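Dear colleague,

I am handing over the structure below, and would ask you to look through it before reading on. My notes on its aromatic residues and nonpolar cores follow.

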Amino acid sequence: SRGATKGDGGGGGGGEQATDGKQPSAGRIGQDVQDKNQKRQDKGRASGAQQQQQCTPYLDAVELQRGIKTGRLFRGRLRANVSDRREAYVTVPGLPHDLLLRGEASQNRALEGDEVAVEVLPLSKWYTVYRLAGGNSNGNGNGSSSGGVASASGDAHPPWWCAKSAEGAKEAVSAMLEGQSGLRATARVVGILEPGAKRERLVG
């Protein structure tokens, strides 16, 4: 009987302790939720700021038109790689292959379907897909750096920069691509010429 009384008292005391001491109040729960939301927002802002630092400002309209006219820049539609968001492609009429955009910095905030102005990167930044005799890609299929394709002087004065027109620049890039099997030119976005339909579906 005494043990039962002690047990009852202990049970009652335990209930009061859980209610008064251990169980968080509604106000405390609300504060915890606010703290978690704030941490998520801070993390999102930090991530956005980091991505912004990786991107370069777009050229203004005058610079874009001048670059396209002289062949320093090319224009085309951007297509994202659905299986690898780090890669995108730009189809430029007159070139034998799409230009490859590797990484967020090269895509520079451009989205699927945007008509963009791109600058072709120096030859040392191009990629070569090495293929075995059976036709399979060597490694993971993403290609590897072209390495000795270009010299330092070639980087400083790419052949297409010496062209006097857009067509001349395309011919120079095409000659480089056709001269070595598997060579892929890389580029980076320097401006949005016409936003794609995907931007209209974005909220905020």
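In what follows, buried means under 20% relative accessible area, exposed over 50%, and partly exposed in between, with a 1.4 Å probe and protein chains only. This is a predicted model, in which local features need pLDDT of at least 70 and side-chain atom pairs count only at pLDDT 80 or more, while totals for chains, interfaces and linings use all residues. Residues are numbered from 1 along each chain as its sequence is written, and side-chain values use heavy atoms, with hydrogens and water left out.

By that criterion W126 and W160 are both buried. A search of the whole structure finds 1 aromatic pair, and these two residues form it, stacked at 5.4 Å centre to centre with 15° between the planes (rings of Phe, Tyr and Trp, the last by its six-membered ring, pair if their centres lie within 6.5 Å; planes under 30 degrees apart count as stacked, over 60 as edge-to-face and the rest as tilted).

W126 and W160 also belong to the largest nonpolar core, of 24 residues, where they are, with F74, V90, L99 and V118, the members that touch the most others (such a core is a set of buried Ala, Val, Leu, Ile, Met, Phe, Trp, Tyr and Cys residues joined through side-chain atoms within 4.5 Å). Apart from this core lies another, of 5 residues, among them L64, L73, A117 and V190.

Finally, the charged end of R72 sits over the ring of W161, 4.0 Å from its centre, and that of R109 over the ring of Y58, at 4.3 Å from its centre (NZ of Lys or CZ of Arg within 6 Å of the ring centre and within 35 degrees of the ring normal).

Best regards
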